[in-house]
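Subject: Structure handover

Hello,

Here is the structure for your files, with notes on what was found in it below. Please read the notes alongside the coordinates.

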Amino acid sequence: MSEIFKKHITKFAKVSDDEFEEIKKFFDTKEVAKKENLLEEGQICRHHYFVLSGLLRKFYINEKGTEQTTEFAIETWWLTDNFAYENQLHTEFYIQAVEKSIVFYITQDKQEKLLEKFPVMERYFRFVYQRAYAAAQKRIKFLFSFSKEEFYFQAVRNHPEFVQRVPQYLIASYLGFTPEYLSEIRKRLLS
């Protein structure tokens, strides 16, 4: 499993096999059951998660009492409440396994020590954060540029395997739909 992480690091930064063995020591591994929460609203956000296998989602409970999914993370994606993690604050979010998952995770303290000992990891995390920021910008553009139906069609067109993998009620939550409304859109798409 750690080969997945090593391969991801080497996409953005050069590390030797010996360096990688040392880098790994800063991380812990956790198996997460389907629907298990890694983080719950009100907890201090202490971990940044790297998905080795499986699927995670980040969500909050909105004013109507319904879950609003804000992000997903599949293999080789990172997920945390960045603001709460960086500032060691109480979170307003939940992070939950959508499927049985295996994650590497790191605390902020260990991440700081990792970056001190292996400055090349600064480059790695810079690329990770840049890509996450770019994805967030694209999502915001889609939210303001497209109708909800068009947003869904873009997701189907650009990420068909992802749309097939994620349960429809969670896609509806991510897009701000009711599951029934998403079902209507899907029927129109098929006809």
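A residue counts as buried when its relative accessible area is under 20%, and as exposed when that area is over 50%. The model is predicted, and the values below are computed from it.

Aromatic contacts

By the cut-off of under 20%, Phe5 is buried, at 0% relative accessibility. The whole structure holds 24 aromatic pairs. One of them joins Phe5 to Phe20, with ring centres 6.1 Å apart and planes at 55°, so this pair is tilted. Phe5 belongs to helix 1 and Phe20 to helix 2 (residues 17–24), so the contact ties together parts that are 15 residues apart in sequence. Phe20 is also buried, with a relative accessible area of 1%.

A second pair to look at is Phe26 with Phe118, which is edge-to-face, at 6.5 Å centre to centre and 90° between the planes. Phe26 sits in the loop between helix 2 and strand 1, while Phe118 sits in the loop between helix 4 (108–117) and helix 5, so this pair ties together parts that are 92 residues apart in sequence. Phe26 is buried at 15% relative accessibility, and Phe118 is buried at 8%.

Ring pairs also link a cluster whose members include Phe5, Phe20, Phe50, Trp78, Phe104 and Tyr124.

Helix 1 also contains Glu3. In contrast to Phe5, which is buried, Glu3 is exposed, at 53% relative accessible area.

Strands

UniProt, in an unreviewed entry, lists residues 30–117 as "domain: Cyclic nucleotide-binding". In the model this span is 18% helix and 44% strand, and its end C-alpha atoms lie 24 Å apart.

Strand 8 (residues 101–107) has 6 of its 7 residues buried, so the rest of the structure largely encloses it. Strand 1 (residues 28–32) runs antiparallel to strand 8 and is joined to it by 5 bridges; there, Val32 stands opposite Ser101. Strand 3 (residues 47–53) is likewise antiparallel to strand 8, with 6 bridges between them. Phe50 has Phe104 of strand 8 as its bridge partner, and both residues are in the aromatic cluster mentioned above.

Pockets

Which residues lie nearest the centre of the largest pocket? They are Phe72, Trp77, Ala132, Ala135 and Ala136, out of 40 lining residues. The volume of this pocket is about 1,400 Å³. Elements giving two or more residues to its lining include strand 5 (67–73), helix 5 (120–145), helix 6 (148–158) and helix 8 (168–175). Helix 5 supplies the largest share, 12 residues. By class, the lining has 23 nonpolar, 9 polar and 8 charged residues.

The second largest pocket has a volume of about 310 Å³. It is lined by 16 residues, and Asn62, Thr66, Glu67, Gln68 and Phe177 are the closest to its centre. Strand 4 (56–61), strand 5 and helix 8 each give two or more residues to this lining, with helix 8 giving the most, 4 residues. The lining divides into 6 nonpolar, 6 polar and 4 charged residues.

Regards

Methods
Residues numbered from 1 in each chain as written. Predicted model: local features only at pLDDT ≥ 70, side-chain atom pairs only at ≥ 80, totals over all residues. Heavy atoms only, no water. 1 Å grid on protein atoms, 1.4 Å probe; cavity = no way out; pocket = protein on both sides within 12 Å on 5 of 7 lines; lining within 4 Å. Points joined across faces, edges and corners; volume = space filled by probe spheres on them. Nonpolar A, V, L, I, M, F, W, Y, C, P; charged D, E, K, R; others polar. UniProt positions renumbered as here; feature names shortened; annotations may be inferred. Buried < 20%, exposed > 50% of the residue type's maximum accessible area, 1.4 Å probe, protein only. Pairing = 2+ DSSP bridges. Phe/Tyr/Trp six-rings, centres within 6.5 Å; stacked < 30°, edge-to-face > 60°.
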